[in-house]
Amino acid sequence: MKFRRNTKTIRGLAGSLMSHASAFAPALFAAIIAAIVVWVATNWRLERSLANERSVVAGELATMSSRLQTNLNSNVKLLQGLAAGIAVDPAMGQNRFSKLAAQILQPDSQLRSFAAAPDMVVQWVYPEKGNERAIGLDYRRNEKQRAAAMLARNTHNIVLTGPVELVQGGTAFVVRCPVYIDDGNSQIFWGLLSGIIDIPRLYRDSGLSSTDLEIAISTTPEPNSPKQVFFGSLETFEKKPVVASVDMTYGRWSLAALPRHGWGQNNGIGTFELYASLLALCVVAPIVWVGFLTKSRQKTIEKLRLHKSKLVRARQRLEHLSLHDALTGLPNRRFVDQMISQPPRPDPQDRLILIHIDLDRFKEINDTKGHAGGDMVLQTTASRLAEMTGPNDVAARIGGDEFVFASWSSDPEPKATELARQIVDALQQTIFIDGAGYVVGASVGVAWERARDRDLGQLLLNADLALYEAKKAGRGRAAVFTEELRSAAIHSKELADDFNQALDRDELVAFFQPQFNAVTLDIAGVEALARWNHPRKGVLGPDKFLDAAEKLGRTGEMDRLILQKALFELTRWDGLGMQIPRVSVNISARRLAQPSLLTELSELPIARGRLCFELLETISFDDLQPALSEIIPTIKALGIEIEIDDFGTEHASIVSLLRFEPRRLKIDREIIKPIIASPSQRRLVSSIIEIGRSQNIDIVAEGVETMEHAKILKDLGCHLLQGYALARPMTSDQLIEFCRMKGKGTAKASR
C-alpha cells in the first residue's frame with residue numbers, strides 16, 4: 001500500500017511539472033526570443049555605432065587631408081612661380097630675388113621664407129633678416145639636407161622633406177624645386193630653390209590643431225618605427241584608426257585618426273540594453289523592436305550607400321585631376337605614359353603615332369606678357385589641338401610648352417605626315433593677347449610604331465629626337481624620326497661619354513695660331529685653341545666636341561685647362577727667348593659664372609697685358625649685362641685684356657659691347673672672306689675699323705686666307721691679322737720652330 005502511495009505521489013509531481021512547463025512554454029519561448037533579440041540588437045548597435053563613429057571620423061579626416069593637400073600644393077605653386085622667375089633671370093642677385101619673392105609670397109601662405117642655391121649653394125634668401133645663417137649652405141656637404149637636395153636634382157622633380165632642422169634655427173618642412181635655364185639648345189641645371197613651410201601654421205590652417213581627434217601622420221602607409229611618424233605617435237596606427245592619404249606628385253603622406261578617448265566611449269550600449277530588456281518583457285516588444293531596427297537599419301544602409309557614392313565620385317574626380325593638366329584641361333604626361341603602357345588599340349592592325357610639339361616663341365611671349373600671357377598661349381594651343389582630335393586621337397600637355405598629339409592608323413606614314421603639317425599650320429596662326437597679335441609657331445617631331453617595335457615607351461623618345469632635329473633646322477618645321485637620328489643620338493652620347501673621360505685623362509691639348517701686325521707682319525700675339533687628342537680618332541677640332549662639352553656642363557673646366565696649358569707654354573717661350581707679346585684664350589659663359597674665377601685669376605703669376613680673354617659675341621651680352629658689369633672690370637683690373645671674338649655674327653648691340661671697353665674686336669671670318677670681290681663688304685669692314693679707332697680699340701681680322709686679304713685689310717687700317725695665309729694653328733713645338741724660321745728669314749732680309 002505504501003509503495004502504491006509513493007508511486008502516485010511521483011506521478012503527481014511529474015504531472016504538475018509538465019503542467020507548469022506547458023503553461024510557461026510561451027513565456028520561455030518569448031524569453032529565449034527576447035534574449036536572442038537583445039543579444040543580436042546589442043551587437044548590431046555596437047557595430048552600427050562604430051560604423052557611424054568611423055564615418056564621422058572619416059569625414060573629418062577627409063576634410064583635414066584635403067586642406068593639408070591644398071595648402072601644400074598652394075605653397076608648391078608659389079615656389080614654382082618663383083622658380084620660373086629665376087629661370088627667366090638666373091643672375092638676378094639678392095635685391096632682385098627679394099623683390100620677386102616679396103611679390104610671390106602670399107599673406108595666407110604657410111611659406112615663411114625662400115632660399116635660392118645656384119649650383120647647390122645657398123646665395124639668396126628671403127626674408128634676409130633671420131635667415132643670414134642659411135647663406136653659404138652647401139647642400140652637397142650638409143649631411144642632413146644633402147640626400148633630399150640631390151634627389152631633387154637627379155630626378156628633376158620637386159621634393160618635400162621634413163620636419164627638417166634648419167641651420168638658421170627651428171624646424172620646418174622644406175620644399176625643394178630644381179631650376180633649369182634655357183640656353184637656346186637645352187635645359188641647363190641652374191640650382192635649387194627651397195621653400196620653408198611653417199609647420200605649426202600648416203597644421204593650424206589644415207585643422208589639425210583644432211580637432212578632438214587623435215591624429216598621426218606618417219611618410220609610409222604602415223609605419224613600424226616612431227621615426228616614420230612626424231605628427232602624433234606610432235601607437236595611433238595600432239588602434240585600428242581611419243586612414244586617409246595625401247597624394248602629391250612630390251610625395252605621399254598617410255593620416256590616421258580616431259576619437260581622442262578611443263572607440264565606443266559614448267555609444268550608450270548600457271542604456272540600450274536596459275530598455276531592450278524591459279521591452280522584451282512585453283509580448284509585442286520583439287515585433288515592435290524588430291520593425292524599429294529594420295527601419296533604422298535601412299536608413300543606415302541608405303546613408304552608407306550615399307556616402308559610398310560620394311566617395312566614388314570624389315575618387316573619380318581625383319583620378320581625373322591626376323591625369324589632366326589643370327591649366328589647359330588636356331591629358332597630362334601621366335595619362336600619356338599610361339596610354340603608351342596599355343595602348344587602347346582601336347583595331348589590331350592599327351599602329352600608334354606620336355607627335356611631339358614644342359612652341360617656338362613661347363619664352364619671348366612669357367617674358368614680355370607675363371605668366372597671364374603665357375597661360376593664354378598655352379590655352380589657345382590646347383584648344384587648337386583639341387579641335388583636331390578625332391574619336392581615337394589624344395592631345396596632351398606633357399609639361400611647360402610641350403604637347404603630344406597621339407593617333408592611330410594601319411598606314412601611319414601618310415597620316416603622321418599630314419597631321420604634322422596640319423599642326424604646324426594651326427599653331428602658326430596669330431594668337432591675340434590684350435588686343436595685340438602674336439605668332440608663336442611650333443616645331444614638331446614625328447614617330448610611329450614600326451612593325452618590329454615591342455617597346456612603345458621608346459616612341460616618345462623617338463619623337464623627341466625628331467623634334468630636336470626639327471628645331472636644329474629652324475622654327476616652324478616638322479621632322480620624322482629615322483634610324484639615322486637614333487644612330488646620331490647614340491654617337492652623340494658616346495662622344496659625350498668619351499669627352500667626359502677626356503678631361504679626366506688630360507687628352508685636351510692647346511694649339512696656337514699667331515696673330516700678326518698688319519703693317520710689319522711681326523708676331524703680335526697668339527690665340528690658344530682647344531684640340532682633343534682622341535686616342536682612336538686623332539686630333540679633333542672644337543666643332544666635334546664643343547656641343548658635348550656644353551651639354552655636360554664642363555666648358556668651364558675645359559677653359560680652365562686650356563688657360564693653364566697656354567700660360568705654361570708662355571713661360572716656356574719666355575725661357576727660350578721668344579718674343580710672344582701675349583696669349584689669348586677663349587672664355588665661356590659657364591666659366592664667367594664660376595664663383596671661383598676671380599680668386600683663381602688673382603693668383604696667376606702673369607704680367608699685365610700678357611693674357612687676353614676672348615669673349616664670344618654669342619654669350620649674349622645683353623642677357624648677362626648685370627653679371628658682366630661686375631666681373632669684366634675686376635678681370636681688367638687684374639691686368640687681363642678683354643677681346644670680343646666673332647664680332648658681327650650675332651645680334652648683340654655694339655653699344656652693349658663697347659660698354660665693356662674691350663682692348664680688341666675680332667671681325668668674324670665670314671665678314672672678312674668676301675672683301676676681295678665685294679666693295680660693300682669692304683665698306684662694312686672699314687666702318688668697323690673706324691668705330692674701333694674712335695674708341696681706341698684695336699681691330700683683329702680672322703680668316704685671312706690670302707695675301708690679297710692681308711693687303712686690303714692693311715690698307716683699310718686693320719691692326720692685326722690672323723689666318724691660314726699667314727700661319728695655321730700649331731702645337732707649341734711647331735710654333736717654336738715657326739718663330740725660329742721666321743727669325744732666320746728676318747735676319748737674312750736685314751742683311
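pLDDT is the predictor's confidence in each residue, from 0 to 100, and a contact means heavy atoms within 4.5 Å. This is a predicted model, in which local features need pLDDT of at least 70, side-chain atom pairs count only at pLDDT 80 or more, and totals for chains, interfaces and linings use all residues. Residues are numbered from 1 along each chain as its sequence is written, and side-chain values use heavy atoms, without hydrogens and water.

The chain has an average pLDDT of 82, and 87% of the residues score at least 70. Over residues 19–24 pLDDT stays under 50, and the model has 0 contacts there beyond four places in sequence. Where pLDDT is low, the predicted coordinates should not be read in detail.

Strands are DSSP runs (E, at least two residues), as are helices (H or I, at least four), numbered from the N terminus; two strands pair if DSSP finds at least two bridges between them. An open antiparallel sheet of 4 strands runs in the order S7-S6-S9-S8. Strands S7 (229–231) and S8 (242–248) each have a single partner strand, so one side of each is left without a neighbour in the sheet. S8 pairs with S9 (residues 251–259) over 7 bridges.

Rings of Phe, Tyr and Trp (its six-membered ring) pair if their centres lie within 6.5 Å; planes under 30 degrees apart count as stacked, over 60 as edge-to-face and the rest as tilted. There are 11 aromatic pairs, including these two:

| Pair | Centre distance | Plane angle | Class |
|---|---|---|---|
| Tyr203 and Phe231 | 4.6 Å | 65 degrees | edge-to-face |
| Trp532 and Phe545 | 6.0 Å | 90 degrees | edge-to-face |

Tyr203 lies in helix H4 (residues 199–205) and Phe231 in strand S7. Phe173, Tyr203, Phe231 and Trp253 are linked by ring pairs into a cluster.
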